[in-house]
Amino acid sequence: MSLQQIARKEALFFSGHRACHGCGMALAVRHILKATGKNVIVVTPTGCLETFASPYGYSPWQVPWIHHLFENAPSIASGVAAALKAQGRDSVRVLVIAGDGSTFDIGFGALSGMLERGDDVLYICTDNGAYMNTGGQRSGASPTYSSTTTDPAGKESLGKTQMMKDLPAIVAAHSAPYVATASVAFLKDLQKKVKKAMLYHGPRYIQIDTPCPSGWGFPPERTLEIGRTGIDCGLVPIFEMENGKITSTHKIKKKIPVTDYLKAQTRFGHLFSDNRGQAELDEIQAMADRNIERYALLRESGNK
Amino acid sequence: MSHIQVVEGSEAVALAVKACRPQVISAYPISPQTHIVEWIAKMIADGELDTEYVRVESEFSAASVISGASATASRSYTASSSQGLLLMTEVLYASAGLRLPFVITGVNRAISAPISIQVDHQDTISLRDSGVIQFYVESSQEVYDTHIAAFKVAEDPKILLPVMVCMDGWILTHSYERVSFMEQEEVGSFLPPFQPVNFLDVNDPKTWGSYAEDDVLMEFKYAIHEAMQYAKGRIKEIFSELAMITGRDHGGLIEAYRTEGAEVILMAMGSMAGTVKEAVDELRSQGKKVGLVKIRCYRPFPFEDIWDVIKDTKIVGVMDANFSMGSEGAVATDLKAKLCGRPDAPLVLDFITGLGGREVNKGTIREIVQKAEEVLNSGLPLHEPHWVDLNPAILP
């Protein structure tokens with residue numbers, strides 16, 4: 001069966017949402033729920049997903065779903081988990097599907113609390129690198145030198161100057177038993193990781209790279225291709241950490257320069273419009289190279 | 001059969017909560033709420049209370065955890081105070097909107113700045129528009145009884161709103177009083193298990209917290225108002241039912257104390273009402289026609305019940321332990337708004353009292369009554385709030 005056929009069969013995230021064409025997040029959610037099955041309660045904070053997947057009177061959700069606020073999805077999920085435990089409903093699992101704004105920024109304190117308490121929640125961050133729902137404002141997950149509407153490139157600026165927050169490492173530092181990154185460019189791998197995470201108890205974290213055509217500035221039919229180039233240049237490392245140790249990495253088949261990835265997106269367009277951006281492009285290439293070394297992303301490197 | 005014991009006010013709360021058997025409790029410590037959550041923690045540690053106790057990293061999360069638990073069909077509880085209640089504000093609005101029926105003890109304490117741990121009502125009054133039902137209590141006995149009623153009010157299928165029991169910090173939380181406790185079977189039959197029709201259920205999946213726009217949002221808000229209006233009658237029934245079991249009647253939405261033929265009626269909430277009652281007794285013995293209306297339920301605002309009591313009086317002195325900066329005390333505003341347009345309405349004076357724990361004793365109350373009589377005799381209404389015992393010498 002093709003992936004498309006699998007996805008259509010018994011989908012738990014269905015028609016009735018209004019995501020943009022080519023939305024990586026909507027695709028991710030459909031495959032996340034394929035992997036979890038229907039015995040889950042999903043908590044989603046305010047953000048793209050909440051907005052496009054809950055227009056009152058319509059619902060794409062075939063599982064119980066709750067949106068409460070922007071910064072408290074981890075705590076709502078902790079409450080759901082506590083209630084299920086109190087009621088002895090052990091077969092039902094709790095899932096957060098959030099965006100990067102709520103995860104990296106406004107809900108970070110609540111996430112840290114949930115992790116520290118060891119609550120039985122699988123937290124999935126669908127990362128599109130900015131507050132896309134409100135027009136693409138800068139978040140703690142926005143890539144270095146991307147142009148966002150609150151930190152735009154201009155005569156005196158080349159966009160965001162800071163590094164992206166290394167959230168998987170921060171989560172792992174809380175002793176979370178399972179931490180992984182995934183991409184909508186590799187849906188089978190994504191499903192496999194969600195299934196694996198469901199085998200663990202306690203707080204688990206998966207960060208999924210979900211390219212955003214309208215926010216990143218590429219045609220909607222190129223979502224998966226953009227996702228793949230991000231991985232192949234080393235800027236988006238795909239790996240698994242179990243009990244604090246890296247246990248798998250997605251190997252890059254053929255390493256490509258970061259410019260192949262950046263050039264395809266208007267959010268990095270200012271780096272190519274004149275010679276100003278060369279030093280910055282070199283810096284981004286160095287970041288990718290550091291990732292490749294740190295996670296041993298090349299085929300010939302030691303890790304399996 | 002009940003039993004009587006002298007306990008700390010905070011322990012009375014913990015024992016009431018324990019008797020109601022919540023499945024999930026979540027809390028973050030803040031003075032003077034701490035003893036409540038410590039008593040509960042001890043009960044759990046000693047195996048006397050079987051509940052999931054989620055020790056969170058902030059009040060924002062405490063309110064969020066019990067919201068999630070409530071949506072998952074668990075009876076849920078938290079307690080907070082002052083800054084903690086303000087931090088919960090956004091959660092409480094959303095949970096009222098999602099119709100999640102949990103109970104919160106709001107331990108009254110002043111709001112920064114300046115930082116202070118002393119009592120006033122600014123914290124809980126700031127939540128009056130959130131959709132949370134608010135009770136204010138006078139004694140440890142009323143604290144105990146009101147918490148037991150609060151769960152029943154919250155969980156009523158036609159109400160389904162958070163309920164906050166507001167109790168004065170230190171004065172009630174940390175003093176020891178004689179309290180009569182209900183037997184567990186009595187509480188059990190009064191308060192059946194929480195079994196909501198709608199909850200997060202994998203066998204009947206529903207979507208909660210949708211995005212709404214101009215075509216439906218007003219109706220969602222109006223539905224909360226309707227539930228509040230319905231609650232007025234239902235709260236009185238629930239307190240009557242409880243009084244039948246306990247033999248203790250604290251009143252319904254309000255308590256009218258010696259208001260028969262009163263020319264001056266004071267209006268107060270919380271522990272201050274006890275002092276007012278004593279002052280009223282003394283003034284009555286001197287032949288002064290003075291009474292008290294104690295507001296027990298502030299939201300929904302019980303105007304109809306208040307009107308029945310004050311309609312024949314000449315002047316009402318509202319003792320507001322809060323202040324809306326640039327305007328006046330909140331309770332006075334509520335009352336004046338409802339009286340506006342009634343030609344037979346009594347005069348309303350607003351007395352700002354007891355901010356940051358400023359002492360309100362019988363002398364203070366005599367001064368308030370005297371001020372009210374002066375206004376009455378002079379015929380010159382006082383439109384601006386009167387700040388009781390303000391010390392001009394230390395003003396900048």
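Start with helix α5 of chain B (residues 89-97), where B:Thr89, B:Val91, B:Leu92, B:Ala94, B:Ser95 and B:Ala96 are buried (under 20% relative accessible area with a 1.4 Å probe, counting protein chains only). Bear in mind that this is a predicted model, in which local features need pLDDT of at least 70, side-chain atom pairs count only at pLDDT 80 or more, and totals for chains, interfaces and linings use all residues. Residues are numbered from 1 along each chain as its sequence is written, chains are lettered from A in the order in which they are written, and side-chain values use heavy atoms, with hydrogens and water left out.

**Around α5 of chain B**
- The buried residues of α5(B) pack against α3 (59-71), α4 (82-87), β5 (103-108), β7 (163-168) and α9 (217-246) of chain B; contact here means heavy atoms within 4.5 Å.
- Just past α5(B), B:Arg99 has a positive phi of about 60°.

**Fold of chain A**
- Chain A has 13 helices and ten strands, taken as DSSP runs (H or I of at least four residues for helices, E of at least two for strands) and numbered from the N terminus.
- Its radius of gyration is 19 Å, close to the 19 Å the globule rule gives for 304 residues, so chain A is as compact as a globular protein of that length; the radius is taken over C-alpha atoms, and the rule is 2.2 Å times the number of residues to the power 0.38.
- The C-alpha trace of chain A spans about 65 × 45 × 40 Å along its principal axes.

**Burial and contacts in chain A**
- Of its 304 residues, 59% count as buried.
- Among contacts in chain A with a separation of 6 or more, 69% come from residues 24 or more positions apart.

How values were computed. Buried < 20%, exposed > 50% of the residue type's maximum accessible area, 1.4 Å probe, protein only.
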